[in-house]
Every structure is written in structure tokens, then in C-alpha cells.
Amino acid sequence: MRLDGRRISKNIVDKRGMSRGAVGGLSVGGAIIVGLLALMLGGNPITAIRGAGQLFGTEHADPNYTPTAEEEALAQFAGQILAGTEDVWTAIFEKNGLTYVPPKMVLFTGSVRSGCGGANAQSGPFYCSADQCVYLDLSFFSSMKEQIGADGDFAYAYVIAHEVGHHVQYLLGTLDKAHREMSRYRQGSKEYNQISVRLELQADFYAGVWAHHDNKMFGSLEPGDVEEGLAVASKIGDDFLQKQAYGYSVPDSFNHGTSAQRSRWLNKGIITGDPSQGNTFAIDYDSL
């Protein structure tokens, strides 16, 4: 991606090097599995966060923490991508007579307390509507590369834009409506999971819408970027991740969508750039 000279968002809360007690409950190994199978590219994080345990104690700075040059470059990159989402969604909302209120992005290392509860790095990036913040441990990008072979600046931008897509859903009322509907069903049931899939695919679509308009505004996409994003989407589908972990997949347990679905909705957003074409709740589930 071409980002030279692009501004860095002022909506960054840098908590890197801060810690808050210890994490109880799920083991680190178990949390990594949760991160891979349940929270790759985020979504509704509350269940996985609670499963990973709660964080206790007073937040304090680690005197031994020093960010690497690579981490600092990723922090700048994340700030530029967040700024791009602000520019794009502000313009789209204004065009539709609405006001876009951007989310904060909280950068952290190790563990963090959010409005949705405590989380650690293995929980993956997530959006919390309770405080309207996107949470990101930059080490997640290394995990993407090492564990599923997903790498590249547009792949990382997709992660951020997807989480911001959940914030867009929150502002439009979609997220709360979906969560109310999900509360009618047993957590983990087929019906519950299908609503989750619709939310996640729409967030993928919104990530594509952002990429479309960011490129129109700034000429940010380079040859191969779109293919890079679609390749990542194909590796984070529930079917792909379950087969990698277990050797088989269980469709009724899907909560983010298949590889084909995630690639399709991301690509649709990139091609059309039209938010009105991303109503995943108005389509028969089997046609998603």
C-alpha cells in the first residue's frame, strides 16, 4: 500500500508496555486456539474474552518494555489505516445525512482491560461497543504470518478495517439489533452462530468498501494488494481453520463464515464501494 505522507489518527490510545495483574482461567495454549478459531479478524469478542479469564490489579507500566523498530513502524501503520477509515466513513456518512463518530484504537501488549472485560494478546483484535474502541496487540500481525501464512500491509489493513466495520455496524444500530436477536438463542447454537456469520461477513464487506474509497481518495492500493487481501480472507474462514485444527469442519458451529464467503464479501465491497449492497441480513443464509 502507498501510505507515504498520510496522516496518523489522533484517536490512538497507546497502552503498550502497560499491564494489569495476571490472567486467570484459560491457559495460554488454550487462548491461542481461541484466537485462531474464534477471533481471527475479530467479531463479537465477549465470549472469548470472558473465556480467557479476567485481569486483576492496578495498571502499571513495565519499566523493561522497549518497543522494537518493527513494532513502532506497525504502530504508525495502524494509525495511518485508522485515519483512512476516518476519512472514508466520515465522507460516506455525510453523503447519507449522518455523522460519523470514529472509534478509538487501543494498542496494547500482553493484556488489557476493555469495556467488554479483560483480554490478552491471544484473544486477537476485537471491537468493543461498550467503549467504542478497537483493541489491537501488534504482535497479532506476526501470529498471522507465522500461524496461517497471512502477511502484507493490505492483509494487516484488512484486520483493522474489519474491526472498524463493526463500529460502523454499531453506529447504524445493526450490531445492537443483532446482539438482541442472538440473545434469544442458546450461545453456540446454530441460530446464534448464523447471526454472528451475518455480522462478520458484513464487516468484511465494509472493510472492502473502505479499501475502495481509500484508493479513490489517496491512490493507496498497489498491484497485488487486492489479491493479498482475498488470500487472507480465504485462510480465515471457519471451514479452513477448523480443517487445519481438526481435519474436518462443522458448519453449524461456523460463526465468521466460510473462506469462500469471506473472500466474496470482501471482494464485493472492494468492487462496488457501495455500503447499501452489504445487507447480509436481507439474504437467505444459504445464499450468503
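A residue is called buried when its relative accessible area is under 20%, exposed when that area is over 50%, and partly exposed in between (1.4 Å probe, protein chains only). Helices (H or I, at least four residues) and strands (E, at least two) are DSSP runs, numbered from the N terminus. The structure is a predicted model, in which local features need pLDDT of at least 70 and side-chain atom pairs count only at pLDDT 80 or more, while totals for chains, interfaces and linings use all residues. Residues are numbered from 1 along each chain as its sequence is written, and side-chain values use heavy atoms, with hydrogens and water left out.

The chain has ten helices and eight strands. Of its 288 residues, 51% count as buried. The predictor's confidence in each residue is given by pLDDT, from 0 to 100. Here the chain averages a pLDDT of 86, and 84% of the residues score at least 70. Over residues 21-56, pLDDT stays under 50.

Helix α8 covers residues 225-235, and its buried residues are D225, G229, V232 and A233. An α-helix has 3.6 residues a turn, so residues three or four places apart point the same way. The buried residues of α8 pack against α4 (139-148), α5 (153-172) and α10 (259-272). Contact, in this text, means heavy atoms within 4.5 Å. Among contacts in the chain between residues at least 6 apart in sequence, 79% join residues at least 24 apart.

Next come the strands. Two strands pair if DSSP finds at least two bridges between them. Strand β4 (residues 104-108) is mostly covered, with four of its five residues buried. Strand β1 (residues 12-15) pairs with β4 in the parallel sense over four bridges, and V13 stands opposite V106 of β4. Strand β8 (residues 133-136) also runs parallel to β4, joined to it by four bridges. In this pairing K104 stands opposite C133, and M105 has V134 as its bridge partner.

Which residues of β8 are buried on each side? C133 and Y135 lie on one side and V134 and L136 on the other, and all are buried, which leaves both faces of β8 covered. Strand β8 pairs with β7 in the antiparallel sense over three bridges. The two form a hairpin with four residues between them, and Q132 in the turn has a positive phi of about 55 degrees. Within this pairing, C128 is the bridge partner of C133.

The last topic is the cysteines. A disulfide is a covalent bond between the sulfur atoms of two cysteines; in this model, the term is given to a pair of cysteine sulfur atoms within 2.5 Å. The structure holds one disulfide, which joins C116 to C128 with an S to S distance of 2.1 Å. C116 lies in the loop between β5 (111-114) and β6 (117-120) and C128 in strand β7 (residues 126-128), so the pair ties together parts that are twelve residues apart in sequence. The torsion about the S-S bond is about 100 degrees, so the disulfide is right-handed. Both C116 and C128 are buried.

C133 is itself buried, with a relative accessible area of 8%.
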